[in-house]
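Good morning, and thank you for coming. Please look at the sequence and the structure on the screen while I go through a few parts of the fold.

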Amino acid sequence: MDSKRMAEEIEKRLARNDWTFHFDNKKDTLRIEDARSKKGVTVSLPSIIAKWEEKKDGAIQEIVYYIEQTLDTMHEVHTLSGKEKDIYPVIRSTSFPTETSDGIPLIYDEHTAETRIYYALDLGSTYRLIDKKLVEQENWDVHRIKEIARFNVRSLDVAVKEDTVAGNTFYFVNTNDGYDASRILNVPFLEKFSKNIKGTMVLAVPHQDVLVIADIQNETGYDVLAQLTMSFFASGRVPITALSFLYKDGGLEPIFILGKNRRRR
């Protein structure tokens, strides 16, 4: 399965008179737009192919559902009032756009050298990133939105799966609710978790649907972490970063794992 064939398969399943499709061979992306509003979504094809190799047709069904839900909700009128419990922070890479396709600035904060924090209104099966226009039409204070979002992410359940490789322990938060990576902002949870770390605590958010917490107790652990974060990054529907972060005193410091146990901050 190559990118062109995957684009054709997705287009076939989404064929509608009011949607247009643009396959970018150089960027390996597929853009799906509403022909009237020109609003749409761009998906990375290599990440879908990586999932297809593991889940086959299930991976295509998943991305088709995501695209349908995203484009359909673009025509809905959304409000913040009365939806305070549905506002959450979402983590994105620093290459993610800072404004909508209409040129409206998105609400965001700088996070690390690799990540930014955006803010979203949860719509059930998908969510809408909060932009300046939505804030102004509701006459809300941006600081209030950020406080509400931070509070809400701390209220989310944090189910952790555990695996041990070569004397290093890896913990995975993977509920697939759209906010797994956002749990990196749950400082009380991270602080409590850090008290049980025997070696060095390292975090990773390779894509939006996973938070990795690693208890690195020997040099091999860094190589294992680099391999699994790169794998997750390549297969994630919304990739963030393949880099990892040292966690110390509530702060995050990006580290480059160069392979064969070499690290650089």
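**A cavity, a sheet and the helices around them**

Helices H2 and H3 each supply at least two residues of the lining of the largest cavity; helices (H or I, at least four residues) and strands (E, at least two) are DSSP runs, numbered from the N terminus. The model is a predicted one, in which local features need pLDDT of at least 70 and side-chain atom pairs count only at pLDDT 80 or more, while totals for chains, interfaces and linings use all residues. Residues are numbered from 1 along each chain as its sequence is written, and side-chain values use heavy atoms, with hydrogens and water left out.

Let me stay with the cavity. Rolling a probe the size of a water molecule over the atoms shows where empty space is left. Here a cavity is a set of points, on a 1 Å grid over the protein atoms alone, where a 1.4 Å probe fits but cannot get out, and lining residues have an atom within 4 Å of a point. Grid points are joined across faces, edges and corners, and a volume is the space filled by probe spheres set on the points. By this rule there is one cavity of 30 Å³ or more, and the largest cavity holds about 60 Å³ of space. Which residues line the largest cavity? They are Ser47, Ile48, Lys51, Ala59, Glu62, Ile63, Ser235, Gly236 and Arg237. This lining divides into three nonpolar, three polar and three charged residues. In that count Ala, Val, Leu, Ile, Met, Phe, Trp, Tyr, Cys and Pro are nonpolar, Asp, Glu, Lys and Arg are charged, and the others, Gly among them, are polar.

I turn to helix H2, residues 45-55. Its buried residues (under 20% relative accessible area, with exposed over 50% and partly exposed in between, for a 1.4 Å probe and protein chains only) are Leu45, Ser47, Ile48, Ile49 and Lys51. They pack against H1 (3-14), S1 (19-24), S2 (29-34), S3 (40-44), H3 (57-73) and H7, where contact means heavy atoms within 4.5 Å. After H2 comes Lys56, with a positive phi near 55 degrees.

Next, the sheet. Three strands form an open sheet in the order S1-S2-S3, with antiparallel pairing; two strands pair if DSSP finds at least two bridges between them. S1 and S3 are the edge strands, each pairing on one side only. From one strand to the next, the twist averages 15 degrees; axes are lines fitted to C-alpha atoms, for helices over the stretch in contact, and angles run from 0 to 180 degrees between N-to-C directions.

S1 and S2 pair over six bridges, with Thr29 of S2 as the bridge partner of Asp24. In their hairpin, which has four residues between the strands, Asp28 takes a positive phi near 60 degrees. S2 and S3 pair over five bridges; Thr29 has Ser44 as its partner in S3, and Ile32 stands opposite Val41. The hairpin of S2 and S3 has five residues between the strands, and there Lys38 has a positive phi near 65 degrees. Five of the six residues of S2 are buried.

H3 lies across S1, S2 and S3, at about 155 degrees to S3.

Finally, Thr220 lies in H7, residues 220-235, and is partly exposed, with a relative accessible area of 38%. Its C-alpha atom is separated by 8.2 Å from that of Asn168, 52 residues apart along the chain.

Definitions and conventions: 1 Å grid on protein atoms, 1.4 Å probe; cavity = no way out; pocket = protein on both sides within 12 Å on 5 of 7 lines; lining within 4 Å.
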